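Morning, everyone. Please have a look at the structure on the screen, and I'll walk you through a few places in it.

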Amino acid sequence: MDVNKLIQLAATAKSRDISSLFSDTKRVDNYSLSAANLFLDYSKQNINNEELTALFTLAKHLGLVEKIQAQFSGAKINNTEGRSVLHTVLRAPNEQKREVLKAQAQEVINTEQRMSEIVADVCSGKLTSSTGEAFTDVLAVGIGGSFYGIKVGLSALKPYHSTGLNVHIVANVDGAALQEKLTQLLPQTTLVVVISKTFTTQETLLNALAIKAWLCAALPENCIEQQCFAISTNIEKVTEFGICEHNILPMWDWVGGRFSLWSAVGLPLALAIGNDNFSRLKLGAYQMDQHFKNAEFEQNMPVILALTGTWNRNALDYPSLAILPYDHALRALPGYLQQTDMESNGKSVSVKGEKIYWKTAPIVFGQEGTNGQHAFMQLMHQSDDIIPTDFIVALNGSSDFKAHHQVLVANCFAQAEALMQGKNLNQAQQELENSGISEQQINELAPHKVMKGNTPSNTLVIDKLNPETLGALLALYEHKIFVQGVLWQINSYDQWGVELGKVLGTDVLKAMNNEQVSNLSASTTALIRKFQAGCIT
Ligand code: F6P
């Protein structure tokens, strides 16, 4: 059995009205569950018991039970790079680290301790800058997985910023991003953290070199040794860059960049929220790991999120997924999940290297609610495209504005309801009849007020956003993406698709510097000439 069987099952579902499924008075109870302090209501999904059962059968047929065990035990499931996928072990208790990592466990434990020591020493003032001053700011530089996880953590856990350090992070190679930060900082009170798993990423290295020059221009010659830290697998390149061995925190090839927040990549976040809160973040993720490993599929939150997502993608043929956190603190989550989901599962070749003939990762987009209601919700309600949606909301807000929070949550629930209910022509006409306008006006206006509805959604509810629930939330999506990779029979852990752009980027740079390059189109060549001329005419 493979994904194509779902398409046959979907024939009936496509023409079904989701609201009709609620004739089953037990639907809300049967299509919702709790795990690791999260509550998932998936009753607004366009799926019934028979279809869900078929999905569970497909998952088991594709070896999901065995593949979960293989991942957690360190099998090299990233087959094209010959690597294990063990970011989960970074948040497990030390005895589980030793069981899985064997001899390497001690290096991981030592790195955690070193990370905790850096945070403690910076906060206590034991670690000072090259001018002997206490650090007030942290400037982290990294991109992709060396950026997004930290960004989500810094914004989501703002109320838990307990160290007093101002933590900034730069990713883009656009100098404007770095300049914006440097103008806010003083070299003598800034601790720098360079994050790059490979230490070959062009953007990060260029930014790191500029930061190094900024420090050296203002400070004593030991400033790099005293104020710069790095997180990487490439110790040799980091040392060449000039960061001393003692300030290099290793990461390992079995930690994918987009899954690396739990490693020393999280140092900038720990410098903001402190060691205890960083441990709480990992504890929340660990609790979701345990749920994922042990819960029956029928009561397994990541599995259900994955299966309903695959049902929407492959059976109902919906090409995108909206991530709508109704929570200002989670505003960076859609961007984080764009990388985690689309860089993991945006593929069309199977683990075995064969072309696959079913769709894979959806196009993930979104932004914080209620802002999205004034941006793309019009399309979601009145275009012909059905866009499955994950609503995420906390029952208890983090601000003192209780009335604001009630309106925020009401809007979240209302949008999920509106996307499901819609408004048909008859309802639009009746609504207009009550407005007193003429019959002709009603007939002209009513079609413009019809809303398709029948849009499936999940509502993920958190009691309160804190380090544990954020950890559980991020781990939930990591496991969802793993399960979907199994269903789609792809390798979710490599990212060869980013290579071509990097190679061509180097070629374009050469052409801009008048070096001979032969593989660029006339369009790109002409654009390069405009860049060189510095004007469009
Ligand atoms: O986006 C491609 C990618 O390789 C990501 O997988 C990774 O997180 C990012 O670039 C940065 O890579 P590095 O941490 O090696 O600088």
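I'll take a helix pair, a salt bridge, some backbone details and a surface patch. Keep in mind that this is a predicted model.

Start with two helices. Helix α14 covers residues 333-345, and helix α19 covers residues 467-488. Their axes come within 10 Å. They cross at roughly 25°. Angles under 35 degrees count as roughly parallel, so α14 and α19 are roughly parallel to each other. The crossing of the two is right-handed. Who meets whom? On the α14 side, the residues include L333, Y336, L337 and T340. On the α19 side, they include L473, L474, Y477 and W488.

Which side chain pairs with E343? That of R258, at 2.9 Å, N to O. E343 sits in helix α14, while R258 sits in the loop between β7 (248-250) and α12 (267-294). The two are 85 residues apart, so this pair links distant parts of the chain. The whole structure has 14 salt bridges.

Now the backbone. Most residues other than glycine have a negative phi, and most peptide bonds are trans. Here are two exceptions. N37 has a positive phi, near 65°. You'll find N37 in the loop between β1 (32-35) and β2 (38-41). Next, the peptide bond from G369 to T370 is cis, with omega near 15°. T370 belongs to the loop between β9 (363-365) and α15 (377-382).

Last stop, the surface. V173, L206 and L209 make a nonpolar patch of about 260 Å². L206 is in helix α9, residues 202-218. Thanks, everyone.

How values were computed. Residues numbered from 1 in each chain as written. Predicted model: local features only at pLDDT ≥ 70, side-chain atom pairs only at ≥ 80, totals over all residues. Heavy atoms only, no water. Patch = residues over 30% accessible without salt bridge, like charges linked within 9 Å, V, L, I, M, F, W, Y side chains within 5 Å. Areas by Shrake-Rupley, 256 points an atom, 1.4 Å probe, with all protein chains shown as cover. Salt bridge = Lys/Arg side-chain N within 4 Å of Asp/Glu carboxyl O. Helix = DSSP H or I, 4+ residues; strand = E, 2+ residues; numbered from the N terminus. Axes fitted to C-alpha atoms, helices over the stretch in contact; angles between N-to-C directions. Parallel < 35°, antiparallel > 145°, perpendicular 65-115°, else oblique. Left-handed = near helix turned anticlockwise from the far one by under 90°. Contact = heavy atoms within 4.5 Å.
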